[in-house]
Every structure is written in C-alpha cells, then in structure tokens.
Amino acid sequence: MLMLFPIFGYYLATEVAPRGHLAQEIRSYDALELLVGLVKNGKFGRHADTASVDLSNVAKAHQDAFVEAYPDARVPPKGHWKFHLGPQLQRDGMTIDCFVGERQNKLVKSCAQTIANTSSFEVSVMERLVADRFSVLSDARFFEDTLYKPEPLEVGSPTLVALSMKFRGTLIYQDDILFIDDVPHYVHGCGYVDGEFALFSSRCTCVSQLTPAASRLDVAPDMDVLRLRGRDVRLAAAFFGESDPRLVALAW
C-alpha cells in the first residue's frame, strides 16, 4: 500500500482533479497519504520531535476531510487510534505497531462485544475491563507457570516443548522478543527442561540505537536453551522486522 499510495495520488491529481470531480474525496485521500507516510517515519524513529506535532495535526485534518467527503459513512470507534499516535511518538520516539499491542487489544474487544454503542460505551467497557482484570489477578492460578499444548521433544523424553507459555503472569509466544536480564532474545520456542521452564532462543545484538528506547537488532544464527529461574524477564513493548534477520525492538 505504501508503494501504491503515490500512484493513486498521481492519477487523482492528473486525471480526476482537472475534470473537477471528487474534490472532497481527493482532499481526504491526500490527508490519508500524508498520515500514513508520517506513521511510517515514526516506525523508524525519524524526526520524532517535529513528526509528533505533524502527526497530530494531520490526523485531525484527515478526520475533518473524511467526514466532509463521506458524511454518511460510519467512523468506527477504533478510528480514534490515530489521535494517540502523535503523543505516543513524542513519548517513546517511535510509533508502536506490533503483536504485543494487539494482545492487549483483544482483552478490550472481549469486554466490548456485548455492549451497545451508546453515549456511555467507553465507561461501560472500561468498567468491565477493570472488573475482568481484577477477577483474573485474584485467581492464584494466573501466576502459575505453564506450557500451552506441550509435547515431548522426542518419544520418552522428559523435555517438553511448546509454541507458547505463561511465565510469572506474562504470555510468551514463539517469535517474541524478550529482554532477559536486560539482554534482548528472539524466542524460537518454549520448553520445560530438567524440571525448569526454559526458552529456546537466540541472543540479539544491538546494531544501532534509534531512540533512547528503540534498538535495531541482529539475531544470532545459533540457538541456546535458556533457563528462566531467577532471571528478570520482560516482553518488548513493540517490535517488527525490517529484513531477515534484522529487527527493531522498543523496550518498556
């Protein structure tokens, strides 16, 4: 889509606009194209100080242009996401867009499914979400370490392997980036080895520091078995791949 945006924009500017057609729709499209470009730059931490201000202004300009061009269109509640991008970029130096955020989003969606979209929608959702989190945290089993759908490494082997696990209340999945004792690791899988929970992981090395919180990483080609007992384990706040095996990770 990033490659197609300028192609569509060129066609609208040279073929459609001169005929006097779709003027409002083209303004909305131009604002969207600029918004997407700023988000892309934010993912790489480029010019975060000025881009955060531009991102907030362009988000409002696109919303106004969209409503003007499509007055009968329904704007979904998640459309407000773009208004948070500017302040978040200014805070972290990089826009967050990754699977970790989607996991948290699923929690909110589960609490919103049965609520009608009324004037008290957000309050109702937040009340249910807070009640749900308190209920989960009140159950001691939430903090039990476990593997999900474990299988023996080989027939008769005491070593168990799985694609995901829960460790100290944190869900860990294959392909996650974890900071273990402040060292980033790429997760190939989860396991239970010699009576201890462990990860099959590759150590990551920092290639460059994009922002105070964001690092460009290279993943080591070899894989180690990393036992987790007594270690500080934190899930990356955000991560995405640039080119194999290079990643960008944002620490909490």
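Visitor: Which residue takes a positive phi in the hairpin of β4 and β5?
Guide: Arg168 does, with a phi near 55°, and the hairpin has 2 residues between its strands. This is a predicted model, in which local features need pLDDT of at least 70 and side-chain atom pairs count only at pLDDT 80 or more, while totals for chains, interfaces and linings use all residues. Residues are numbered from 1 along each chain as its sequence is written, and side-chain values use heavy atoms, leaving out hydrogens and water.

Visitor: What makes β4 and β5 a pair?
Guide: Strands (DSSP runs of E, at least two residues, numbered from the N terminus) pair if DSSP finds at least two bridges between them. β4 and β5 have 4 bridges, in the antiparallel sense, so they qualify. Met165 stands opposite Ile172 in β5.

Visitor: Why are β1 and β5 called edge strands?
Guide: The open sheet has 3 strands in the order β1-β4-β5. Both β1 (146-148) and β5 (170-173) pair on one side only.

Visitor: Why is His185 called buried?
Guide: Buried means under 20% relative accessible area (1.4 Å probe, protein chains only; exposed is over 50%, partly exposed in between). His185 is at 8%, and therefore counts as buried. His185 lies in strand β7 (residues 183-193).

Visitor: What does the side chain of His185 reach at 2.9 Å?
Guide: The side chain of His185 reaches the backbone oxygen of Val183.

Note on methods: Polar contact = N/O pair within 3.5 Å; in protein donor to acceptor, adjacent residues only side chain to side chain.
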